[in-house]
Amino acid sequence: MVKPRSAPDLYLLGSTLLLLVIGVVMVYSASAVLAFREFGDAFYYLKRQALFAALGVVALFFTMNMDYEVWRKYAKVVLLVCFVMLLAVLVPGIGVVRGGARSWLGIGSFGIQPSEFMKIGMIMFLAKWLSGQHHPITHFTKGLLPPLGLVGLAFGLIMLQPDLGTGAVLVGAALLIIYAAGARLRHLSYFGLVGVLGFVGLVIAAPYRLKRITAFLDPWQDPLGAGYQSIQSLYAIGPGGLVGLGLGMSRQKYSYLPEPQTDFIFSIIAEELGFIGGSCVLLLFMVLVWRGMRTAITAPDSFGSLLATGIVGMIAVQVVINIGVVIGMFPVTGITLPLISAGGSSLTLMLTSIGVLLNISRYSR
């Protein structure tokens, strides 16, 4: 049976491209000083971001025009490849350590982050599994535990790197798919309790995580150590006021705020473009999430609905965590702002995923 296909959701497409353009501009503004100091080229990060943005847009239009049913067919293969990459990155000599985590595969400046691939791979597989499973998801042992166990395995491998931020996004998106598939809140609350106990164990096992939590509660206890990033982020946001200091006029990017082009790029947006500029960025994300959830609700089948739910959930959870860290609501964790922060594999994969979401919108009822 041939499904009728229409134009993609233009609100979803437009908000995505606007966020991408804002991201390219702000990556240059936030990184010019750092790039000139480290590489002698103020345009270093801009050129990389523009390249990956162009590749991502090509991938977006490719997946937007490719029937999303293809991902049902290859979901198992994609997930298996993702697990192999997650295992490979842990092998010394193969995995590359950056920022204190063995999270990368690659040579020199070129690298990919397998955990980013795992997020979309897990979403595709869970959508396939839960849309065609024989045991109902309301059955705790036969329906709910197997997918939760698979998610837990992927989360455990990511934590061995360690990369708590990406792991949290993976779990958040997976739980949204499982809930949308019909899981009972009572059963998920059991998993939540286990998750809290596991988080306490992770904190005890790694003292630096405890420092991050205490710094989150009171960053001034250690203003030059664990609390430094939070304080400098707030120093950037505060002076921005209503309309900001002006594009390119940030003071915190002059070696005060760490990672101004990646994890804390929203701080630079708030400093240079003010409350109005930051609100516009958040509004565009809200439009993206709204149209994405509309696509999930009106998808023609359960696989498309769950796949769209997972992609939107991945974006929404990542935005909430990143903004929460920047404004001091969450402890500091290394996670980027989708479509905005500097990135290679993460940006390209995000645009590819949104292309899949746009393709689902073409078949919406």
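How many residues apart are E116 and K119 in helix α4? I started there. E116 and K119 sit 3 residues apart in helix α4, residues 114–132, so about one helical turn separates them. I am working from a predicted model.

**Entry 1: salt bridges**

I looked up the E116 and K119 pair next. The two form a salt bridge, with 2.9 Å between the closest N and O atoms. I then checked burial. E116 has a relative accessible area of 9%, so I note it as buried. K119 is buried as well, at 3%. A helix has 3.6 residues a turn, so residues three or four places apart point the same way.

I found 5 salt bridges in the structure. R72 and E69 make one of them, at 2.8 Å from N to O. These two are 3 residues apart in helix α3, residues 69–88, so again the separation is about one helical turn. R72 is partly exposed, with a relative accessible area of 26%. E69 is partly exposed too, at 23%. I also logged K47 with D41, whose side chains meet in a salt bridge at 2.7 Å, N to O.

**Entry 2: aromatic pairs**

I turned to the rings. The structure holds 9 aromatic pairs. Y28 and F43 have ring centres 5.2 Å apart and planes at 5°, so I record the pair as stacked. Y28 belongs to helix α1, residues 10–39, while F43 lies in the loop between α1 and α2, so the pair ties together parts 15 residues apart in sequence. Y28 is partly exposed at 29% relative accessibility. F43 is partly exposed at 40%.

F125 and W129 pair edge-to-face, with 5.6 Å centre to centre and 65° between the planes. Both lie in helix α4, 4 residues apart, about one turn of the helix. F125 counts as buried at 14% relative accessibility. W129 is partly exposed at 28%. I also noted one aromatic cluster formed by F39, Y44 and Y45.

**Entry 3: helix α10**

Where is the kink in α10 centred? I traced it to G274, and the kink is about 125°. I then checked the span. Helix α10 covers residues 265–298, and its end C-alpha atoms are only 34 Å apart. A straight helix of 34 residues would span 50 Å at 1.5 Å a residue.

S255 is not a glycine, yet has a positive phi of about 70°. S255 is in the loop between α9, residues 228–240, and α10. S255 is partly exposed at 47% relative accessibility. E259 has a positive phi of about 50° and is not a glycine either. E259 also has its place in the loop between α9 and α10. E259 is partly exposed, at 39%.

**Entry 4: S353**

S353 lies in helix α12, residues 345–361. With a relative accessible area of 3%, S353 is buried. Leaving out residues up to four places away in sequence, S353 touches I120, I311 and M314.

**Entry 5: confidence**

The protein chain has a mean of 87, and 93% of its residues reach 70 or more. Which helix has the lowest confidence, and which the highest? Helix α8, residues 207–217, is lowest at a mean of 69, and α10 is highest at 96. Where pLDDT is low, predicted coordinates should not be read in detail.

Methods
Residues are numbered from 1 along each chain as its sequence is written. This is a predicted model: local features need pLDDT of at least 70, side-chain atom pairs count only at pLDDT 80 or more; totals for chains, interfaces and linings use all residues. Side-chain values use heavy atoms; hydrogens and water are left out. A salt bridge is a side-chain nitrogen of Lys or Arg within 4 Å of a carboxyl oxygen of Asp or Glu. Buried means under 20% relative accessible area, exposed over 50%, partly exposed in between (1.4 Å probe, protein chains only). The expected span of a helix is 1.5 Å times one less than its number of residues. The bend at a residue is the angle between axes fitted to the seven residues ending there and the seven starting there. pLDDT is the predictor's confidence in each residue, from 0 to 100. Contact means heavy atoms within 4.5 Å. Rings of Phe, Tyr and Trp (its six-membered ring) pair if their centres lie within 6.5 Å; planes under 30 degrees apart count as stacked, over 60 as edge-to-face and the rest as tilted.
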